[in-house]
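Please open the structure in your viewer and keep the selection tool at hand. The tour below moves from one selection to the next.

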Amino acid sequence: MHNLKALAAVAVLTALAGPAMAQVKIGVIASSTGPISVVGLQQKNTVALLPKKIGDVTVDYIYMDDNSDPTQATKNVQKFLIEDKVDAIIGPSGSPNAVAVLPFIADAQTVMLAPVGSTAVVLPMDDKKKWVFKTTQNDNLVMDALVAHMKTNGVKTVAFIGTNDPLGANFAKAFKAVIDKEGIKLVAEETFGRSDTSVAGQALKILSASPDAVLVGAAGATTVLPEVTLVDQGYKGKIYQTHGAATPEFLKLGGKKVEGTVLAASPMLVQSQIGDDVPSKASGQAYIDAYTKVYNVAPGTFGANVWDAGLLLERTVPIAAAKAKPGTPEFRAALRDALENVKELTGAQGVYNMTPADHSGFDKRSIVTITVKDGAWQLLK
Amino acid sequence: MNLVVALFLAQDGIANGVVYALLAVAIVVLFSVTRITFVPQGEFVSYGALTFVTMQDGQRPGTIPLLGLLIALHVVLDLVGGWRKQRPAALLMSSLRSVAAALIVLALAYAGTSFDLPLLLKAVVAIAVVTAAGPLLYRIVYQPLADASVLVLLIVSVALHFVMTGLALYIFGPSGQRSAPLLDITFPVMGVPIAGQTLLILGVTLVVIAALYFASQHTLYGKAMQAVALNRTGARLMGISTSLAGRASFLVAAFIGALAGVLISPTTTILYDTGFLLGLKGFVGAILGGLASYPISALGALLIGLLESYSSFFASTYKEVIVFSLIIPILLVQTLRQHRIKEDDDHGAEALPAQPNWSPQALQLRRRIKTGLGIAFVLAVAAAPVLISDYEIALLNYVGLAAIVVLGLVLLTGVAGLTSFAQAAYVGIGAYITGYVSSTYGLSPWFTLPMALAVAFVLALFGSLITARLSGHYLPLATLSLAVVAYYLFAALPQTGGQAGMTNIPPLTIAGWAVHSPKAWYIGIWGALLLLQLAMTNLLDSRPGRAIRALKSGTIMAESLGVDTWKAKIAAFVIACLLAALAGWIYAHYQRFLNPSPFSFNQGIEYLFMAVIGGAGSIGGALVGSGIVVLANQWLQTNLPLLLGMQGDFQVIIFGVVAMAMLQLLPRGIWPALLDLTGMRLPKAWSMSTDTAPLPARGKPQPGETVLAVRGVSKNFGAIAANRDISLDAKAGEILALIGPNGAGKSTLFDLISGVQRPSSGTVHFLGHESSYFPRTLSRGGMGRTFQHVRIIPEMTVLENTALGAHARVDTSFASAALRLDRPTEARLIGEALRQLGRVGLEGSATQTAGSLSLGQQRVLEIARALASDPCLLLLDEPAAGLRHLEKQALARLLKQLKAEGIAVIVVEHDMDFVMNLADRIVVMQFGQKLAEGTPCEIQRNPAVIEAYLGGAE
């Protein structure tokens, strides 16, 4: 309900913006309902914080929910591209949704800033994917950081438990690719339903395989149940989580039982503990402040991906607007070229350096390893 | 797996199973009293749990204002509903009285959340708030639908589920919650730690089930609710209000749900949509208990919990696949234990509005207008690509794809009365087969189309072999299980790309040109849709179509007319699944990306939703329903932010509310209502020619030849002997009357002769061979019958009902019917039906719907229908009941004429004048035995008969 005010503000601002100024139209798709709403709702909330004016250009955001459904995402994208003739699209939240809309984006030659973890939307780079730019840490960056921590702590065998939805499937794929490379053995791989009320069977199976460590691949409050069940059943090894667990609920619901969990996530999560040498610190704080001001709660990291998309637009729209008029194919092409040349743009979670071959831009600086200590996030040095 | 692990899993299974058991019991209460399949039962769990946890966070949960809203809505609806009947002040008072309890709960909860109550009191408040909402929901959502069919009630429940999930997301947010523990102790049993919480849930469940069982058997209130469950009209006559019983059952169900929610909230993470799957599993348990028995339902639910627990250990990826695959054999066993022909009790209670009586000229004009509108519609469809944008065309493509699937559902669910949740799964089968084969082996989609259809055909045949045997509530559950299994296979199999999805599906190419643009697809999709609609219209207006239309009115009637109902059910299922697979094939090459969600069971429910909204029994309804649902969803998606200034979440809520309101107003769906409103529901223009080639006739026995020989048959129902050692003969060219007081066993004997029942001992010989005791083969062998309680298809015309009688005399395939190649045969069938109607004097009513006839005329219609089968033995069960004097005389003349034609006639009749003047021989029955046999004169003088009639019950 708190977001009413903000949204009203957006509505008023967009209404006040006269037709005299050049106007850029951005379509935003997030999954604010359905299975990945824990990711999408924060992204939706962040839309209200995006820049309304970039240079001389006013920016009009059109928001649509895709109910976490790829088919709905393609319908929304078609509406944006054909009806609204948007200049760029931010979204959608889920990797399958982003993959599903790729052909439409490529056909319409319109930029899509995808806040998804899967690298499948930008790799291998081809004519279709050259219109897509990723604003979230690659899933494998997270896995690299986690596996590096495992290696240094002598982990030889590991088990994975993830949700039986696109998020969990992505985590599993990325994780297996990295441990294969690093020579860690996967001794058990289990899945569970997002709204399952028990994972005792899966936990027992993991327990009987006695791995050195377990990684939970899920998001939001769902991350808690497998970990708590494992702890209750007496598992003594290390438990790892992805950035999917980087939410306040994880600490609240997990309580004492998630003490010592290791996760890899954006530095934003431990904003106060990171040194000023971390480049994204200031930008991350700006996002946290803006979000907290409107919604009275601190944001998780999912919405920051949409915030970063706003920063990318802030940098590139003026460049494109100097070359062509918004609403034209020339403007969209110029915007794409500008995005491909973004260098050293500091976002809320890391630093972007785009190249024609690499449209994800983030480097290792966008990921830190964090543990839970005394019921709070603690940066691991 | 060692013993400790096994025990651990057993404990986990029981802990989950008892929660399912609680919900199963609540679902049984609701269904048995109100016939509502209450899909959102699980929502009570998440509302209860999240209300409880929100209060622990020191906040006032959104459920409290929601309760206030429901109370207000209740009062407003009462006032609006009774506006003209009563004085407003009195009305307001009575309305307030019925919400008094809820108001008190609201006030207490509001006050209570201002303090920091102890944990236990918070639990009480949370349960009370949700419980108070239960009866309000019944009043607002279901009470106006008290007479609707089970299918409509189910769909309304689905809509309510949408609304409640949407509201839960709004009220509680997307992240999960977990409660502080209520009972934080564990103690080991045989090395397995048992949580006190688990024992608490177990104990509470046992208490609830015991209490319900006791209440239903031993308290006046419980008995009254049972009475409503058994016989609504009867209960009403006895002064038991169905709405009171409905409210009471919702109170119980909401209480049980909220209680379960509070109990499990410390053991797991509760999300806003956790309830749905819990409720689904409770539903499965309830059905395993036949939706009637509390203890068996609870055991069924417990079994689900255990299955789940063990399969999550052995193969967590395939957990749901294992659990739901195992349900199907259980269902099969349950069904096979039943009697082989089971009648479904639900015939869809909504009566058709009477057909207006147009003059021939007016009818002619309206037919022209309707044809004109049809042509205009086709032209509009053809012109659309020029007139509207690519985006709108793309939307229409999704409408068209859905309409192809829903067209199949219209046949399957609307016409044949078989509820299927599995259609989305068959869409998925079509899509994934073509997607996998064309992307992996590089085959052209034109090659994979027959492949996809063939696989869907085989799987549909497999599915229907299971489902066609199932009856009642088992069928929807079986299709739901198929849908769940298919979805989780799509998500887990390596070939489908799983949740990440399948890409690189090649586009469809025609002569080297790739079909790419929405407009190109539009031509294909809508062209196919229009052709399929035409084919479906043809099919329904044909011999095999009538067989499918007969399914809904009960198996016994159709089988007694020689219709192979099993084949008809399989055909309906297979056709529906082929349409779904075709839509899937198009979808795969149109979208060129596949992932499991468009083929989930939720989507299966949504297709059903479209069918019912549009009008489940009508072909036009398929398009209207798909159009409204797809376009309204997209419209809300786009415009809601503008209207409300808020975004997203409200779409599903508004959609659900509108759907519920619409079904309350138009329970038959939009399209039929629209036709009636505009006076466009027109009777078909039949060619009324009797000048057609006759149908093949069977060789008749010689007059005097024994057609039927009953030898020493007995029939026992448990300890009751309905028939004892009865023997009789019926001869060609003879009228045999069967008389006796009520309860003498005449109808049972009829059932034994016609094969509806099999005798416990003794034999029945028909035309020299021992009876097969199957109505269909007997009917095909020349045994025609009518029913004591008229069994006709009320919405079909008199003519079509009669033509159904001649069903077995010719053979036409589904394909020839759909392609209109069956017209010569069809003309002969209709000609024969008209001739038989002429014989019984009903030719003037031939084009009326059979339901519009008087009861007496309906009996005569049954005779015409039996005659159309060219019988050599005619069984008439009380044919003269409800006839006027002149009609009786006409009937007597007809029967004498049949006798002269060499037909053997057996009549059960109470009208003694009628019998004595007509029959050649009479058999008198009493207490299940043959009392006497002889000519009318002999019987009238028989002392035993006189004793039975004068000294007996009558």
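Does Lys85(A) count as buried, exposed or partly exposed? Lys85(A) counts as partly exposed because it has 15 C-beta neighbours inside 10 Å. By definition, a residue is buried if 20 or more other C-beta atoms lie within 10 Å of its own, exposed if 12 or fewer, and partly exposed in between, with C-beta atoms placed from the backbone.

This is a predicted model, in which local features need pLDDT of at least 70, side-chain atom pairs count only at pLDDT 80 or more, and totals for chains, interfaces and linings use all residues. Residues are numbered from 1 along each chain as its sequence is written, while chains are lettered from A and ligands numbered from 1 in the order in which they are written.

**Loops of chain A**

Remain at Lys85(A), which is found in the loop between H3 and E4 of chain A. Helices (H or I, at least four residues) and strands (E, at least two) are DSSP runs, numbered from the N terminus. Lys85(A) is not a glycine, yet its phi is positive, near 50°.

Next, select Ser68(A), in the loop between strand E3 (57-65) and helix H3 (70-84) of chain A. Ser68(A) is likewise a residue other than glycine with a positive phi, of about 65°. Ser68(A) counts as buried, because 25 C-beta neighbours lie inside 10 Å.

Now select Pro92(A), in the loop between strand E4 (88-90) and helix H4 (95-108) of chain A. The peptide bond that leads from Gly91(A) to Pro92(A) is cis, with omega near -15°. Proceed to Pro124(A), in the loop between strand E5 (111-114) and strand E6 (132-134) of chain A. The bond from Leu123(A) to Pro124(A) is also cis, with omega near -15°.

**Helix pairs of chain B**

Two packed helices are described by the angle between their axes and the distance between the axes. Axes are lines fitted to C-alpha atoms, for helices over the stretch in contact, and angles run from 0 to 180 degrees between N-to-C directions.

Select helix H2 (residues 41-56) and helix H6 (residues 119-142) of chain B, which pack at an angle of about 140° with their axes 9 Å apart. H2(B) and H6(B) are therefore oblique to each other; angles under 35 degrees count as roughly parallel, over 145 as roughly antiparallel, 65 to 115 as roughly perpendicular and the rest as oblique. Among the contact residues are Phe44(B) and Tyr47(B) of H2(B) and Lys122(B) and Ala123(B) of H6(B). Two residues are in contact if their C-beta atoms, placed from the backbone, lie within 7 Å.

Then select helix H8 (residues 196-218) of chain B together with H13(B): the angle is about 155° and the axes are 10 Å apart. H8(B) is therefore roughly antiparallel to H13(B). Here Ile209(B), Leu212(B) and Tyr213(B) of H8(B) meet Tyr294(B), Pro295(B) and Ala298(B) of H13(B).

**Where the chains meet**

Finally, display both chains. The contact takes 53 residues from chain B and 54 residues from chain A. On the side of chain B that touches chain A, the elements giving two or more residues include helix H12 (274-288) and helix H13 (294-314). H1(B) gives the most to this side, with six residues.
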